[in-house]
Amino acid sequence: MKQLTFLVKPASSLCDLRCRYCFYEDEAQHRETKSMGLMTEGTARRLIQAAAEAVEPGDAIQITFQGGEPTLAGLDFFRRFLALERELCPPGVSIHHSIQTNGMSVDGEWAAFFRDNGFLVGLSMDGTRPLHDAQRVDAQGKGTWDRAAAALARLDQAGVETNLLCVVTGQIARSPQKVYQALKKLGPHPLQFIPCLDPIQAPRGSMPYSLSPQRYGQFLCGLFDCWYRDWQAGQYTSIRLFDDYLRILAGMPPSTCAASGACGSYLVVEGDGSLYPCDFFVLDEWRIGSIHDLSVEQAISHPVSRRFLARGGGQPSACARCPYAGLCRGGCPRDWTAFGLQGENYYCPAFRQFFQYALPRLNQAAAALR
């Protein structure tokens with residue numbers, strides 16, 4: 001069975017928040033065109049046609065909506081998108097949907113739509129109210145924790161499958177236990193912790209919210225202690241990074257490209273139909289072309305795609321000397337300090353600290369998983 005994965009940006013870089021660490025706002029500032037605008041029905045139709053032409057009965061299509069803030073495209077856009085899928089996709093092809101949102105637009109109508117159409121909803125919540133409100137602010141500079149928590153309550157009440165995404169800043173990394181417990185109090189949701197990115201042209205560690213390798217290593221160790229105590233008590237909380245390490249140790253494939261050691265697992269489709277090989281590289285130099293002009297096969301085999309795969313297809317040279325390379329697998333190329341002989345992952349010290357600290361207990365949990 002073949003699976004195609006698309007990361008679709010129906011509202012491009014448009015957003016109703018002004019999160020201080022937003023990596024996509026920074027990427028958009030480094031493009032000739034900052035925002036590609038709202039996706040039209042014509043572009044959505046062409047995307048679905050291209051996907052349908054690339055699959056056969058028994059295959060699967062995964063469509064994840066991101067932004068910016070994807071709900072700014074409007075609920076009617078999503079209804080039309082799914083109607084086009086029903087019109088254009090051949091029988092026997094399964095389509096799965098997910099969306100990453102800040103929750104500001106999620107009312108009862110949105111929640112019912114997500115439930116009725118089987119969406120997995122990722123909601124951004126940064127640990128605790130003070131930490132969240134310090135970074136995730138609206139256009140007036142006001143914190144958004146209460147509105148995001150209210151959106152989560154609506155999603156839970158509607159029975160929507162939801163996970164929580166926390167961006168790990170330097171401030172958040174100081175309080176792993178407090179962050180873990182605060183997110184658990186919001187309900188039994190899978191958790192994702194994503195290290196924040198510094199701006200593209202800024203020195204690493206130069207921003208007020210920057211996450212240092214030392215601080216990230218301490219965060220992972222403290223977070224793991226909380227997770228492991230719950231696991232021992234028979235209370236499993238899914239943390240995506242730990243899940244991936246457990247899967248690798250148990251002989252199963254990880255769920256993320258960063259943990260798999262290989263790029264190129266999906267195509268990004270911007271609001272105007274422009275195609276890119278990765279969400280962290282939606283920049284002019286990595287524009288593959290347009291879904292209006294290319295088939296999926298042509299996009300995947302395009303010279304820009306091949307150049308991207310060649311650039312990130314190996315591992316930093318430091319991995320050759322690392323006893324944990326088989327688990328870490330180099331991480332995401334966006335965190336690599338260089339390509340070639342001088343390369344290493346910026347967070348190498350954090351991962352080494354974590355594996356030295358947690359690997360025996362990870363092995364114990366992986367043995368139970370097997």
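This is a predicted model: local features need pLDDT of at least 70, side-chain atom pairs count only at pLDDT 80 or more; totals for chains, interfaces and linings use all residues.

In the lining of the second largest cavity, α2 gives the most, with three residues. Sorted by class, the lining holds eight nonpolar residues, no polar ones and one charged residue.

The loop between β2 and α3 deserves attention next. Gly-68 lies in this loop, and a cis peptide bond, with omega about 15°, joins Gly-67 to Gly-68. Thr-71 is found in the loop between β2 and α3 as well. Is Thr-71 buried or exposed? With a relative accessible area of 4%, Thr-71 is buried, because the limit for that class is under 20%. The side chain of Thr-71 forms a polar contact of 2.6 Å with the side chain of Glu-69. Leaving aside residues up to four places away in sequence, Thr-71 touches Phe-78, Ile-99, Thr-101, Ser-105 and Trp-110.

Trp-110 leads on to helix α4. This helix spans residues 108-116, and its buried residues are Trp-110, Ala-111, Phe-113 and Phe-114. Viewed down the axis of α4, these buried residues fall within an arc of 160°, so they line one face of the helix. Among the elements that cover them are α3 (75-88), β3 (94-101), β4 (120-124) and α6 (145-158). At the start of α4, a side-chain oxygen of Asp-107 comes to within 3.1 Å of the backbone nitrogen of Glu-109. Just after the helix, Gly-118 adopts a positive phi of about 65°.

A positive phi also occurs at residues other than glycine. Ser-12, which is not a glycine, has a positive phi of about 50°. Ser-12 lies in the loop between β1 (3-8) and α1 (23-29), and at 0% relative accessibility it counts as buried. Arg-329 is likewise not a glycine and has a positive phi of about 60°. Arg-329 is located in the loop between α13 and α14; with a relative accessible area of 23%, Arg-329 is partly exposed.

Arg-329 also belongs to the lining of the largest cavity, together with Ala-318, Cys-319, Cys-322, Ala-325, Cys-328, Gly-330, Asn-345, Cys-348, Phe-351 and Arg-352. The elements that contribute two or more residues to this lining are α13 (325-328) and α14 (348-369). Which element gives the most to the lining of the largest cavity? That element is α14, with three residues. By class, the lining of the largest cavity divides into seven nonpolar, two polar and two charged residues. The space in the largest cavity amounts to about 100 Å³. The model has three cavities of 30 Å³ or more.

The lining of the second largest pocket consists of twelve nonpolar, two polar and six charged residues.

Notes. Residues are numbered from 1 along each chain as its sequence is written. Side-chain values use heavy atoms; hydrogens and water are left out. Ala, Val, Leu, Ile, Met, Phe, Trp, Tyr, Cys and Pro count as nonpolar, Asp, Glu, Lys and Arg as charged, and the others, Gly among them, as polar. Buried means under 20% relative accessible area, exposed over 50%, partly exposed in between (1.4 Å probe, protein chains only). Helices (H or I, at least four residues) and strands (E, at least two) are DSSP runs, numbered from the N terminus. The arc is that of the directions from the helix axis to the C-beta atoms. Contact means heavy atoms within 4.5 Å. A polar contact is a pair of N or O atoms within 3.5 Å; within protein, one must be able to donate a hydrogen and the other to accept it, and residues adjacent in sequence count only if both atoms are side-chain atoms. On a 1 Å grid over the protein atoms alone, a cavity is a set of points where a 1.4 Å probe fits but cannot get out, and a pocket is an open set with protein on both sides within 12 Å along at least five of seven lines; lining residues have an atom within 4 Å of a point. Grid points are joined across faces, edges and corners, and a volume is the space filled by probe spheres set on the points.
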